[in-house]
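Me: I have a structure open and I'm new to it. Could you walk me through how to read it?

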Amino acid sequence: MATKTKFQAIKGTRDLLPPETELWNRVEQTAREVFSTYGFGEIRPPIFEPTELFARAVGGETDIVSKEMYTFRDRPEGAESLATRHSPLDSSLVSLRPEATASVCRAYIEHNMQQLPAPLKLYYLGPMFRRERPQKGRYRQFYQIGAEILGGTDAPGIDAEVIEMVMLFFARLGLEGVQLDINSIGHSAPECRRGYVEKLRAALVEVRDQLGEDSKRRIDTNPLRVLDSKLESEQAIIAKLPRISDHLCDECSKHYAEVKRQLDLRGVPFKENWRLVRGLDYYMRTTFEITAKGLGSQNAVCGGGRYDGLVELLGGPPTKGIGFAIGEDRLILSLQEAGKGSVTQGRDVYIAWMGEKAQPAAIAAARKLRGAGFRVELPPTEQKFGKALGQADKLGSRYALILGEDEVASGQWTLKTLADGTQAKFSEAELLEFLRHTRVVSS
Ligand code: HAM
């Protein structure tokens, strides 16, 4: 006899269930509305891509690519599935996407989108996969809402506008404790970031003995990431390290100053944070992160920045680029913690019907009310009125429409308001009118 296996969602993944999914839908709908007012259109790239794409775009030395990707060897066309037979398979590696900027740039090149009017503005929603240690606000399958602007110029007004758009979106949702941190990490020339990184590395070598293991390793692989460290014992040391703002080239320095001015012009408050370096390699110049309340240590709800070299790095034409991604799971968590996560649950109308003659009227009423956009529960079999009202209550219905044989015969239907128990009689036409009116009043 087969043993009974109790299946559970894989660690770091979870089921999103109603009524919470209502809140997810509201957030996504608001994003679509806000982003479209700024001229963005939706792109839906695939969930998996060649591993090489992420290695090149995000960077082979980053945590994301070196430790966190779900990578598998796809089988050659026609070969049997791994699930049916284990066999040595010979084909290229593919990975579940850990982020979507690389995919958007790949799609931009693949579809020759540089021929479209510039700049091109695209947004996306969907799951991303990173094999991180799960904790509050950190999952292995998580959701991002992101946007990218590709092509055209690198005018600082673009950086400021895209940031303004995220901030407006968060304000629209009523997100609390929102803080925007910005920085410029310059560009990779010797007189700019590369020169700074060498100075930083030299300074880090001096204090090597006082650093933790991760930071020690990063002196060689990626000294900028040391600035990101949350290790308590390293904070005083980091505070004394050379700052990138003192080592930007003239052009990057001017660009950064203008981004700040453009944010001021738009009334977007920000905090400069010279330690904000981001964990993906493709950034240059403007980087930003937004934190919100109620999230503990995983409090970044949005990260983004400029990545002017990325499309070219992936084989496309020289192209300017900037964008961001919002962690939707964290956004939802923060809204819920602030009591902004309430969702309209339940039903508008529960149809309590009884008797053979009442059933066709109940079915027709359900169809009509649903057609008018009301949430209606129609029990499939007749119930005693007492039981029906109890059920209506449990489902959080606002009204019960009582349809017995008397009501059908007289054409006068009884509507009971469950909150206060009051009842009123209506003809079918009057009922719809009444419900429409109360919906306007209550919403
Ligand atoms: P990122 O900073 O790696 O940037 O991710 C953006 C946001 O996704 C984070 O701020 C966080 O809210 C959320 N996030 C990341 N990892 C997890 C996780 N394991 N669990 C829950 N939420 C998570 C990017 O992905 C870039 N592609 C953003 C971008 C777009 N830059 C330019 N364009």
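**Reading the model together**

Me: Let's begin with the helix α1. Which of its residues are buried?

Reply: Buried means under 20% relative accessible area, exposed over 50%, and partly exposed in between, using a 1.4 Å probe and protein chains only. In α1, the buried ones are Leu23, Trp24, Val27, Glu28, Thr30, Ala31, Val34 and Phe35. They sit on the same side of α1, because they cover an arc of only 160° around the axis. That arc is taken from the directions from the helix axis to the C-beta atoms.

Me: Before we go on, what kind of model is this, and how are things counted?

Reply: It's a predicted model, where local features need pLDDT of at least 70 and side-chain atom pairs count only at pLDDT 80 or more, while totals for chains, interfaces and linings use all residues. Residues are numbered from 1 along each chain as its sequence is written, and side-chain values use heavy atoms, with hydrogens and water left out.

Me: What is the mean pLDDT of the protein chain?

Reply: pLDDT is the predictor's confidence in each residue, from 0 to 100. Here the chain's mean is 93, and 96% of its residues reach 70 or more. Watch residues 86-91, though: pLDDT stays under 50 there, and the model has 10 contacts for them beyond four places in sequence. Contact means heavy atoms within 4.5 Å.

Me: Back to α1. What span should it have, and what covers its buried residues?

Reply: Helices (H or I, at least four residues) and strands (E, at least two) are DSSP runs, numbered from the N terminus. The expected span of a helix is 1.5 Å times one less than its number of residues. For the 18 residues of α1 (residues 20-37) that gives 26 Å, and the end C-alpha atoms are 26 Å apart, so the two agree. The cover over its buried residues includes β5 (120-129), β6 (141-150), α5 (156-173), β11 (321-327) and α11 (328-337). Just after α1 comes Gly39, with a positive phi of about 90°.

Me: Which residues of α12 are buried, and which are exposed on the face turned away?

Reply: The buried ones are Ala358, Ala361, Ala362, Ala365, Ala366 and Leu369. These cover an arc of only 135° around the axis, which puts them on the same side of α12. Pro360, Arg367 and Gly371 are exposed on the face turned away from that buried side.

Me: How are the domains laid out?

Reply: Domain bounds come from an automatic or database domain assignment. For this chain, the assignment gives domain 1 (20-337) and domain 2 (349-442). Their C-alpha centres lie 51 Å apart.

Me: Is Thr286 buried or exposed, and what does it touch?

Reply: Thr286 is found in strand β9 (residues 284-291). It counts as buried because its relative accessibility is 2%. Leaving out residues up to four places away in sequence, Thr286 touches Asp159, Asn183, Ser184, His255, Val259, Gly304, Gly305 and Arg306.

Me: Which of those side chains makes a polar contact with Thr286?

Reply: A polar contact is a pair of N or O atoms within 3.5 Å; within protein, one must be able to donate a hydrogen and the other to accept it, and residues adjacent in sequence count only if both atoms are side-chain atoms. The side chains of Thr286 and Asp159 are joined by one of 2.6 Å.

Me: Where are the cis peptide bonds you'd point out?

Reply: One joins Pro18 and Pro19, with omega about 5°. Another runs from Ala118 to Pro119, with omega near -5°.
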